Amino acid sequence: MTTDTQTRPSLLPDAHVDAARYDQMYAASIADPDAFWGEQGKRIDWIKPYTKVKNTSFGPGDVHIKWYEDGTLNVAANCIDRHLATRGDQTAIIFEPDEPTDPAQHITYNQLAENVGRFANVLKELGVRKGDRVVIYLPMIPEAAYAMLACARIGAVHSIVFAGFSPDALAARMNGCEAKLVITSDGAPRGGRVTELKDNVNKAMLHVTHDAKCLVVKRTGQQVAWVQDRDVWYDDIAARVSSDCPPEEMNAEDPLFILYTSGSTGQPKGVVHTTGGYLVYASLTHQMTFDYKDGDIFWCTADVGWVTGHSYIVYGPLANGAITLMFEGVPTYPDAGRFWAVCEKHKVNQFYTAPTAIRALMGKGPDYVNKYDLSSLKLLGSVGEPINPEAWNWYNTHVGKGRCPIVDTWWQTETGGHMMTPLPGAHELKPGAAQKPFFGVKPLVLEPTSGEVIEGNGVEGVLVLADSWPGQMRTVWGDHDRFVKTYFSDYKGYYFSGDGCRRDADGDYWITGRVDDVINVSGHRMGTAEVESALVAHEAVSEAAVVGYPHPIKGQGIYCYVTLMADETPTDELKKKLSDWVREEIGPIAKPDVIQWAPGLPKTRSGKIMRRILRKIAENDFGSLGDTSTLADPSVVDELIANRAKQ
Ligand code: WTA
């Protein structure tokens, strides 16, 4: 514990859920999921009400997940239309632009209705129909939310690609879901600099293997290269279409969006979320975890390119008629006080961010926080990776002033919403623990090799979920077998999270991190295989192995072992070239932190790279390399250790 700890925040009074209610609701959700979720489903509006609630199987054999399967609804109508009678003039979205001197926007629900209706008609003009896929590659501007909701309104399936991804990554995702349209902007201001988004799309389009159009929103007004008949300005069509667009009636199990995420092997997979269950789950978790009350100003700092932005900037808050803040910039521009300046300026009540941001700001010292009035804050949240005690204490002391409960929410792109978290009116906090399962969530700890369920407390193993919840992903886009293989094959009959976990003596859960070849860099998920394939795509590289290693700010850094082609000379200049290459291939978030030349890689006789050993070497931990006798050539390890010292 550091000396930062002042007081532990007390439970929130008058919360939606107190300890007794949590126990009662949790027990009910497990005892009779049909009854529990049948009731919760009523929190959203249905066009045709469901008569069936849960129809799910985790196998073995058939794996299928369906919720509310005979109900129909429209997500945009739930996020907009149903609020108009009671809160049409209330702010829906507060937009805070990159430049603090540019004016913020307050977009009311009435204005949101108009903007989304018009955007939906623009999509229709471009020939987008129910079921078509639309890729969104936009900065954090209100149009990103309009575009998502416009797709939902007409039944098109959106797939957002984070604006920090490279043209190649964008092309791969557009090809993956055969997107008919990509929505982008001329440029994306971020941290005082501009990313040439349209330019990236132009490059990506060279690798898109089918016909696709490009809709361009004006953000910066800069010059952009244009391809006639393919590229269209949003404003040109918007000027001539109406803002009235009736919502399409969608089945609960129609896809709402695809979001590509990294796994332990191969290409990113298209996680598919559907309409009814997802919305019920996003809205319920948003209300309960953050104890959201009418009129509160809620700020989730994620980008809409990640699932956190989908569920907790757009769908959850808007389904609840909330006021949600969208921030275009970065925490350190113009200085490390920006988050807190925005909290003060907009009187934010709930603030939700990632440990990596907290660690980065912690490093700049508390003066940046202390000069702002943060008295509006009631609750803080954390997501993306385990939060270390130092960061937790700093967050609690300097941001929450010891008053604001911190909800540490464990979940995944695949889960659609929070799976484990303390609830702020129910659970005394333990720094670093995700603590309690959300309603309907049945976590189990398994012995990793045998797959046996480990009962009791004070135990550790891999984390699986024993039953479905409405926000669960339904399939991998175009590849249901991959879905079954990835999540339901290692431990039969369970959903395997890919995370390890500990259940402490009190029965509280602590996530210990990924147990597969996925690393978590600044809260972004990355498959080591993706970085490896980018490296070996370079002509100088013969082989590469990538592992994560502890990094003081990013959580994990990217450590690359690279074997060069025989005629290449290992130089610092080449290291820089390779590093830039990966950045170009995937995007800035994948830029290697360390490249170590590896004359050979530790492999078993069957040719499998022993990553366990590479992780230890990257961590500078040579004492516990384990058994190296099964290696084809054990001397490789000594050489790598000798080279490690030079990094
Ligand atoms: C990790 C982000 C510990 C975990 C919503 C998970 C966490 C992966 C936490 C999913 C947390 C997320 N504590 N670890 N509170 N939240 N993780 O798909 O390893 O980008 O499997 O979803 O992040 O990352 P994803």
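Is K378 buried, exposed or partly exposed? I looked this up and found K378 partly exposed, with a relative accessible area of 33%. The terms I applied are buried for under 20% relative accessible area, exposed for over 50%, and partly exposed in between (1.4 Å probe, protein chains only).

**Basis of the entries.** I note that this is a predicted model, in which local features need pLDDT of at least 70 and side-chain atom pairs count only at pLDDT 80 or more, while totals for chains, interfaces and linings use all residues. Residues are numbered from 1 along each chain as its sequence is written, and side-chain values use heavy atoms, with hydrogens and water left out.

**Entry 1: K378 and D296.** I found a salt bridge between K378 and D296, with the closest N and O atoms 2.9 Å apart. The term stands for a side-chain nitrogen of Lys or Arg within 4 Å of a carboxyl oxygen of Asp or Glu. This pair links distant parts of the chain, 82 residues apart: K378 lies in the loop between α13 (367–370) and β19 (379–383), and D296 in the loop between α9 (276–289) and β16 (297–300). Helices (H or I, at least four residues) and strands (E, at least two) are DSSP runs, numbered from the N terminus. I recorded D296 as buried, at 6% relative accessible area.

**Entry 2: R153 and D81.** I then looked up R153, whose side chain meets that of D81 in a salt bridge (2.8 Å, N to O). Here too distant parts of the chain are linked, as R153 belongs to helix α5 (residues 142–154) and D81 to helix α3 (residues 75–87), 72 residues apart. R153 is buried at 8% relative accessibility, whereas D81 is partly exposed at 30%.

**Entry 3: K576 and D580.** I found these two side chains joined by a salt bridge (2.8 Å, N to O). They stand four residues apart in helix α17 (residues 572–585), so about one helical turn separates them. K576 is exposed at 52% relative accessibility; D580 is partly exposed at 28%.

**Entry 4: Network and total.** I noted a network of salt bridges linking K430, K436, D504, D506 and D508. For the structure, I recorded 32 salt bridges.

**Entry 5: An open sheet.** I traced four strands in the order β21-β22-β24-β25, with antiparallel pairing. The edge strands, β21 (443–446) and β25 (509–514), each pair on one side only. Two strands count as paired if DSSP finds at least two bridges between them. Strands β22 (residues 459–465) and β24 (residues 495–503) pair over six bridges, and I found R502 in β24 to be the bridge partner of E460.
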